[in-house]
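Trainee: Could we go through this one together? I'd like to know what stands behind each label.
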Amino acid sequence: MSKVENWRALLGGRSTDEVVTKALVRDVQLPYGAGTMALITLDNGFDHTKPNTFGPNGLFALNGALSEIAERTDLAAVGVTGKPFIFAVGADLKGAAALSTREEALAIGALGHHVFRRLGELAIPSFAFVNGAAMGGGLEVALHCTYRTISSGVPAVALPECFLGLVPGWGGTQLLPRLIGPAKAIKLVIENPLSQNRMVKGKEAYELGVADAMFEPADFLEESLRWAARVVKGELAVERPAHEEDWDKTVADARFLVDMKLRGASPAPYRALDLIAQARTSSRDEGFAAEDEALADLLMGDELRAGLYSFDLVQRRAKRPAGAPDRSLARKVTKVGVVGAGLMASQMALLFARRLEVPVVLTDLDQARLDKGVGYVHAEVDKLLGKGRVSADQANRLKALVTGSLTKDAFADADFVIEAVFEDMAVKKQVFAEVEAVVSAECVLATNTSSLSLTEMGAGLAHPERLVGFHFFNPVAVMPLLEIIRGAATDDATLATAFAVGKSLKKSSVLVKDAPAFVVNRLLTCFMGEVVSAVDEGTPLEVAEHALDGLGLPMSPFALLQLVGPAVGLHVAETLHEAFPDRFGVSENMAKLVAAGKPGAYRPDFTLDPEAVALFSGGTSPSTAEQVRERVLAALAREVRIMLDEGVVAAPQDIDLCMILGAGWPFHLGGITPYLDRTGVAQPRFLPPGVASLPA
């Protein structure tokens, strides 16, 4: 029995739900008399909303097509392209999650290598014509080809495996660094996945050297065939620059940065770095075998199941928010008002203008503040123009859309007004009373409060049913989460409008009950409160600060405090203490830090400030790092249980989504509730059996 037959026996029946990507072959006569090309089109039979993926049967289909091509003697070249808008986006993740033994995991890695490498080992040159999204195994297909062209309109090129707890396992860690050098390869394989799974577009992929030529979308395939014909005839020589960087140093530097970010919490990026280091000296067989072993280890680990659960949340649940009213109830928004012209307000104004493309007017107490806010927006637009993110015409239109006014009369024809003023109930109530006096009866009133009660805020309004919470996270343009809060009086039309606006802003919205600090800030305050309490009790600040490093959180507790500001942290703690005095305390030492005017526990050079540290001294009951970690996780489990019992969100998955998108809870941990389940901290469990390990 051949290797392929063995793999078919082992894997062929594993993925009964696989949407098979077919390899459709047609002969194309190359221009300029260059001969016949067998052009393979990858197509699963669906439109672009269901991208091409590779499960076992898709790999067998491509292998069969390549076998037929290899037997022909009349071909000058072979080409591979995708269906409209999609090249291929990698492995079938559902099938990957269904693998039950290491033997199966090794087999899927070896099968992918066997099939893809044939493209680079035929007797004739191979060309990948990357016409659309190319991710994971899809990009690896292209890397195995002799040459690559790419469309300038490609929206996403990536190797996202480390984001999910895997490594590029079908040649990516071996072929890419040899093609573009280790530093650029590390960017695509490790840095981008660990930066909220950043993708690059076609132009950037070309500039990185992933593709040999780039053409416009309108006639991409025609131009690619002309280019391929010239290469086949020898009229065009493809030159690729030599890479003179210090390979070992580049990998070592990247390892240091990964340590700084993850502190050893996630094995996948480290395995990827090992493989990239090996690519410098290994043969193709050795490198691919090492990828197989790494892939098998990771496919059998909890991290993949956790990553797939997280992936499912952000790809599916985030797009269908639980509890959102029928979208047909949403009102049209043709103008937006923003109360305040500070940094948060200015960021919001720019986002509304860019995404909704409607007039946005800012108000504030004096002209200087107003000018500063509008000036910030205009400066950010200029930065976008400088980076080529907007055209000159678009930049001018954006600047014209954002204006300022010293009076709220400018809101008279607004459909959506949001406040971003000081986090004080009396101030916000006064703002809304003034706004309600001038806006239309249909205008939605939104608050960006991070912790205050909407019901209390709207108590004095004539129409409290149109008040909704619209809580952004900082920085507004970057953070994907939007907590949408329903007050006691908020009606369905207001809520539907809020969700429609959130979608237009390209945010992932989660419906939250009107509860103190909502979801993210409530849990972060719980987390921070336990760490600070441990320090107040006598635990050295350095010990408490790094007690949870093993989770791979994006920031340590006091670094997070430095980012949000001690005054804000203290205010939220006071709000929660007032609501839940038995569970949330207020640190006297934190109050001292705020009174001293300290920006946090760190100095500008990121070393601890001895004066700030001294403010927390005096406790006599220190804890170990392990004890701090245990008390923090126990407190989080308790608070999540209470929030679910209170109905703050519809389900545990919504808490997970909020923490992943709003607090940077590590993707590889699979959300906070399955993590607390797996580690035994949550008793009883938050999620049904299986949900925490497989996509829901």
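Mentor: Two strands pair if DSSP finds at least two bridges between them. This is a predicted model, where local features need pLDDT of at least 70, side-chain atom pairs count only at pLDDT 80 or more, and totals for chains, interfaces and linings use all residues. Residues are numbered from 1 along each chain as its sequence is written, and side-chain values use heavy atoms, with hydrogens and water left out.

Trainee: How do you know that β1 and β2 pair, and what sits in their hairpin?
Mentor: Pairing takes at least two bridges, and strand β1 (residues 22-30) has nine with β2, in the antiparallel sense.

Trainee: What does β2 do with β3?
Mentor: β2 pairs with strand β3 (residues 77-82) in the parallel sense, over six bridges. I40 stands opposite V80 in β3.

Trainee: Why is β2 called largely enclosed?
Mentor: Buried means under 20% relative accessible area, exposed over 50%, and partly exposed in between (1.4 Å probe, protein chains only). Seven of the nine residues of strand β2 (residues 35-43) are buried, so the rest of the structure largely encloses this strand.

Trainee: How do you know whether T250 is buried or exposed?
Mentor: T250, which is in helix α11 (residues 247-262), has 17% relative accessibility, so it counts as buried.

Trainee: And what makes T250 and E245 a polar contact?
Mentor: That takes a pair of N or O atoms within 3.5 Å; within protein, one must be able to donate a hydrogen and the other to accept it, and residues adjacent in sequence count only if both atoms are side-chain atoms. The side chains of T250 and E245 make theirs at 3.2 Å.

Trainee: Why is M555 called partly exposed?
Mentor: M555 lies in the loop between α22 (541-545) and α23 (557-564). Its relative accessible area is 35%, so it falls between the two limits and is partly exposed.

Trainee: What makes β4 an edge strand?
Mentor: Three strands form an open sheet with parallel pairing, in the order β4-β6-β8. The edge strands, β4 (86-88) and β8 (157-158), each pair on one side only. β4 pairs with strand β6 (residues 133-135) over two bridges, and I86 stands opposite A133.

Definitions and conventions. Helix = DSSP H or I, 4+ residues; strand = E, 2+ residues; numbered from the N terminus.
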